[in-house]
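Trainee: I have a protein complex on my screen and would like to learn how to read it. Could you walk me through it step by step?

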Amino acid sequence: MSILPQRILTDEDPQRTRFQVELEFVQCLANPHYLNFLAQHGYLKEKSFINYLKYLQYWKQPEYIQFIKYPNCLTFLDLLQHEAFRRELANPTCARFIDDQQVLFWQHYTRQRNTLLQTTGAPEQAKTTDP
Amino acid sequence: MDPLAERFGEAKELSTKHKMLAVLDEVELIYESLLSLLASQPAVAADPTANSYLSAAKIPVNPEPMYPEEFEKAIIELAELLAERQIDFTKLAANAQKEVEMNVAIQALVVESDRLKEQVIALQLRLKEAEQVLASALHAARQKTDTIKAADEAQLTLDEIIRYAHRISVGFSASAPPNWLPGDPRRPYPTDLEMRAGILARQLDNNQGIPPPQNQILPLTTDGLTATTREYLGSNAGPYTMSPQPLSQTSMDSPKTPVTASLQREASAEEPDVEMMSSDESTTSSSDDE
């Protein structure tokens, strides 16, 4: 049985590996708890890290963005360019607040759609489980 | 210098009213001296009615011998002074009249200026509102042109846009699944599990010897990849069930490395995703496969 991870690491094109690694990392920025972790461990203060975040902005271009599954990460990438946001993230209350707002916003469209289905009484099953 | 200024010297700033009163005081003095002059005449002193008037006016009746020429001269002097005072008084009265007219004109002008000031302020407010409206319109227009320019440069086809919209909707990353409840582990961002399952964690594992998380992801064949991805999809797509590898991390664990299994989903074909999604109870998943 070939072991995929090692194949990825040794035989595959290093460019492809780098692509995958950076894609994964940039999407992890959508997780506020992870951002809090980074802030608390001081990664967000390192100049090299800040430069890396600036470099990662290439993911916003159309030829790269098509691979991004969690588009929230790009908003956070933009916010992370600002010093004040990076400073605030060390605070766990801040991270929790961002998480709450993010999840609420995530539910917003679904909730609206449910309400619409209820009010119009569409024949499709309108689940009334409003979170 | 005009005679009034001469007479009043430094008191030029006195109001007309004061000047008129001063003139009247002087006239009074002139009359008093005239009466005392008359009283000094023996003929007047002898007359009892004259005496009674004079004593009522508190003018002492003391006949003094005086030459007729002196008397005449004095009378003439007093008369001249009186005439001068008369002229001053009429001038001052004319001045007063003019001042009254000027005051009336001034009041009218003040009222007019107030009215005009209010008009100007009203116009200023309207101008400010117009400026605000225009500024916001301009801002919106600028944003619009910027987006148009960006869209032109991007040269995206409708097909690509729809494909991407499908990609971010099918995995519930842009909007929540309709049956989502608090407690459901699915999130709009890669969760802990996904982060540990991806390539980055394994990279760091091999490079730096970081102790692996409690539940090490087994090495995978291509087929096995799809199967494991299905497992992860199963944990993310449906209600959370205990998979064969109990993943007991809480979200507050400090994840060592950022990792996303979603990448593997991109790498593999999309059919498994769509299959899993269509087996969901959810009706919002797109059932129209490409």
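Trainee: What is the mean pLDDT of chain A?

Mentor: First the term: pLDDT is the predictor's confidence in each residue, from 0 to 100. Chain A averages 83, and 83% of its residues score at least 70. Within chain A, helix α6 (residues 72–80) has the highest confidence, with a mean of 93, while helix α1 (residues 4–11) has the lowest, with 50. Helices here are DSSP runs of H or I with at least four residues, strands are runs of E with at least two, and both are numbered from the N terminus.

Trainee: And which helix of chain B has the lowest mean pLDDT?

Mentor: That is helix α11 (residues 271–278) of chain B, at 37, whereas helix α5 (residues 68–154) of chain B has the highest, at 93. Over residues 209–290 of chain B the pLDDT is below 50, yet this stretch has 145 contacts in the model beyond near neighbours in sequence. A contact means heavy atoms within 4.5 Å. Where pLDDT is low, the predicted coordinates should not be read in detail. Chain B as a whole has a mean pLDDT of 72, with 66% of its residues at 70 or more. For the complex, the predictor gives an ipTM of 0.74 and a pTM of 0.47.

Trainee: How many helices and strands does chain A have?

Mentor: Chain A has eight helices and zero strands. Of the 131 residues of chain A, 42% count as buried. Among contacts in chain A with a separation of 6 or more, 59% come from residues 24 or more positions apart.

Trainee: Is B:A93 buried or partly exposed?

Mentor: B:A93 counts as partly exposed because its relative accessibility is 32%. This residue lies in helix α5 of chain B. B:A93 is 76 residues from B:K17 in sequence, but their C-alpha atoms are 9.1 Å apart in space.

Trainee: What is the phi of B:F172?

Mentor: B:F172 has a positive phi of about 55°, although it is not a glycine. You will find B:F172 in the loop between α6 and α7 (192–197) of chain B. With a relative accessible area of 4%, B:F172 is buried.

Trainee: Which residues are closest to the centre of the second largest pocket?

Mentor: On a 1 Å grid over the protein atoms alone, a pocket is an open set of points where a 1.4 Å probe fits, with protein on both sides within 12 Å along at least five of seven lines; lining residues have an atom within 4 Å of a point. The second largest pocket has a volume of about 430 Å³, the space filled by probe spheres set on the points, which are joined across faces, edges and corners. Of its 14 lining residues, A:P62, A:I65, A:Q66, B:L156 and B:Y164 are the closest to the centre. Helix α6(B) gives the most to this lining, with six residues.

Terms used
Residues numbered from 1 in each chain as written. Chains lettered and ligands numbered in written order. Predicted model: local features only at pLDDT ≥ 70, side-chain atom pairs only at ≥ 80, totals over all residues. Heavy atoms only, no water. Buried < 20%, exposed > 50% of the residue type's maximum accessible area, 1.4 Å probe, protein only.
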